[in-house]
Amino acid sequence: KKSLNTWQVENQWRWRVVAATIPELSPPKPVDAMHNGVILQVDCVYTAKSGDDSPLGIELDYNSTGLSSDTAPNEALNHVARFGDGALYGQEYFSLLKNDRNNVKNMTIPNLLPGHVYIFRTRIKYGDAYGPWSLWSDGIATRLRGAPRGMSPPHTIRPGVDASILQVQVDPPNIDGGDPIRGFLIRYRHVDTELMRSEWLSAGSFAVNSIITIHGLLPNHCQEELIKERHAYIFQAAAYNRLGLSEWSPPSEPIATACALHTLVHGRGAQRNFAHHHLHDENEKDPDLWAPARVFVTSAISLLHESHLSLHLGPIATVRDNKLQIWSHEFYGQPLRPPLYRCEAWFAHWSPPQISVAAEIIRAQPILANAPLQKELYHRVAIANRGDVPFVVKAKHAQRTGALALVIADDGRCGDSLDQYCVPGAERARGEGFAALDNPKQWSSIHIPIVLILKKDADEVFRLVDDSTYFSPASTTIDVSDEL
């Protein structure tokens, strides 16, 4: 025993005895596949002897037939297991913790080729001893490079400054599709589908690892230090790389906007916070490889934006401080640029006093707003003629369509002044709103500004609206989400 050779021989015999006691493992179970790896579930029932510091682990062996195809999986796998001619071969070693009593392990096998079918087998390695190989697992194909997959719902954050703003954070997808994630698309909608139209609205595209700010949401009304949380929103996110767009994530939990004494809501046409699409990398080694896919993704993202929000060629209306102002869409928000037209506006007695609106203004169809209105009004300001139905009916049609405000054009009954002769029961000079004598229950569900303007002012507003080169993306573009 003092001889090194004798010790080596005895040590070899010791591990031979240990190897005889190591059981055969059950075949590993494929759990999921990525473009360059798979996740396997391995059941290890073997534990090391107490006080033995020898390394304990699982050795994994894998083979591949090459590209996945319509070939019957069993035929391909039998060929590999029996002969291995021309097959890819690899081994990985995974160490186990001796104090871990959880026998079932999930193991990620990296550095595999995309679009290949792999089979796996395992055995226990304990010190210098090896157990018998398990049977081969079922085959699993790694994914081809493509669009990201596995989006989780965005995390919503209630802000403390502007009540018309909510912020969201987005986690990267579980699978990037073999290409780095270049950005996220965000869309949102109002939770109360009876109160507001439930169409999804695009918020734009945003960079990875950024806090995303969503503008243009309706704030809740503060009354005697209590918040009436009637306006809540849910959000969805989709990731994109140079190869495509992921599916939309599940919706986030609903979150209500904060209450506000006064806030300005920016609708379609008045928002200027769109991010660029982060699809280009100056350090790309093979730019020609990605060019066709990049063109497709860019056009697809543009279509999604255009069909929801980003195209706005009509004039912008601001409804605030008892005034209606019309701006050119090119110069809205720029300093030292005067509005195209400005006039007095009489707010309804039941309009939310804390909300002002800036958004593109278009005609209501039908113009009397005596029936459900067109979907293009979503997140815009509607202008409709007075008459045929009560004010509250027009307001309900506009709000249900998703308009942020309704401008009612007088039909001449008001003459040259907005007063009690215009709409009986209220006097604007005393700060009272029109329709004050209406039944409050009829107006209880109205949460957008409703204003009345004189006929002479309405004629000028209609002229500006009609003279603009108005383009309706909701009518002329397609929803490409299903195709993507």
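1. A residue is called buried when its relative accessible area is under 20%, exposed when that value is over 50%, and partly exposed in between. Arg320, at 30% relative accessibility, therefore counts as partly exposed. The structure discussed here is a predicted model, and the terms just given return in several of the points below.

2. On the overall make-up, the protein has seven helices and 28 strands. Buried residues make up 49% of its 484 residues, while the accessible surface of the protein comes to about 24000 Å², with 51% of that area belonging to carbon and sulfur atoms. Among contacts between residues at least 6 apart in sequence, 73% join residues that are at least 24 apart.

3. Phe434 sits in the loop between β27 (405-409) and α5 (440-443), and Phe434 is buried because its relative accessible area is 0%, which is under the 20% cut-off. Leaving aside residues up to four places away in sequence, Phe434 touches Trp346, Phe347, Ala348, His349, Phe391, Val423, Ala426, Ile450, Val451 and Leu452. One of these, Ala348, is 86 residues from Phe434 in sequence, yet the two C-alpha atoms are 4.7 Å apart in space.

4. Turning to the cysteines, a disulfide is a covalent bond between the sulfur atoms of two cysteines. The count for this model comes to one disulfide, and Cys414 and Cys422 form it, with their sulfur atoms 1.5 Å apart. Both Cys414 and Cys422 are buried. Cys343 is buried as well, with a relative accessible area of 6%.

5. Side chains of opposite charge can pair when their charged atoms come close. The structure holds 13 salt bridges, and in one of them the side chains of Asp179 and Arg242 meet at 2.3 Å, N to O. Asp179 lies in the loop between β10 (166-169) and β11 (183-190), and Arg242 in the loop between β16 (232-241) and β17 (244-245), so this pair ties together parts that are 63 residues apart in sequence. Are these two partners buried or exposed? Asp179 is buried, with a relative accessible area of 1%, and Arg242, at 5% relative accessibility, also counts as buried.

6. Arg320, the residue from the opening point, takes part in a salt bridge with Asp321, in which the closest N and O atoms are 3.9 Å apart. Here Arg320 counts as partly exposed at 30% relative accessibility, whereas Asp321, at 55%, counts as exposed. A student checking this pair might note that a salt bridge calls for a side-chain nitrogen of Lys or Arg within 4 Å of a carboxyl oxygen of Asp or Glu.

7. Elsewhere, salt bridges that share partners join Lys323, Glu344 and Arg428 into one network.

Conventions:
Residues are numbered from 1 along each chain as its sequence is written. This is a predicted model: local features need pLDDT of at least 70, side-chain atom pairs count only at pLDDT 80 or more; totals for chains, interfaces and linings use all residues. Side-chain values use heavy atoms; hydrogens and water are left out. Helices (H or I, at least four residues) and strands (E, at least two) are DSSP runs, numbered from the N terminus. Buried means under 20% relative accessible area, exposed over 50%, partly exposed in between (1.4 Å probe, protein chains only). Contact means heavy atoms within 4.5 Å. Accessible areas come from the Shrake-Rupley method with a 1.4 Å probe; for residues, only the protein chains shown count as cover. A disulfide is a pair of cysteine sulfur atoms within 2.5 Å.
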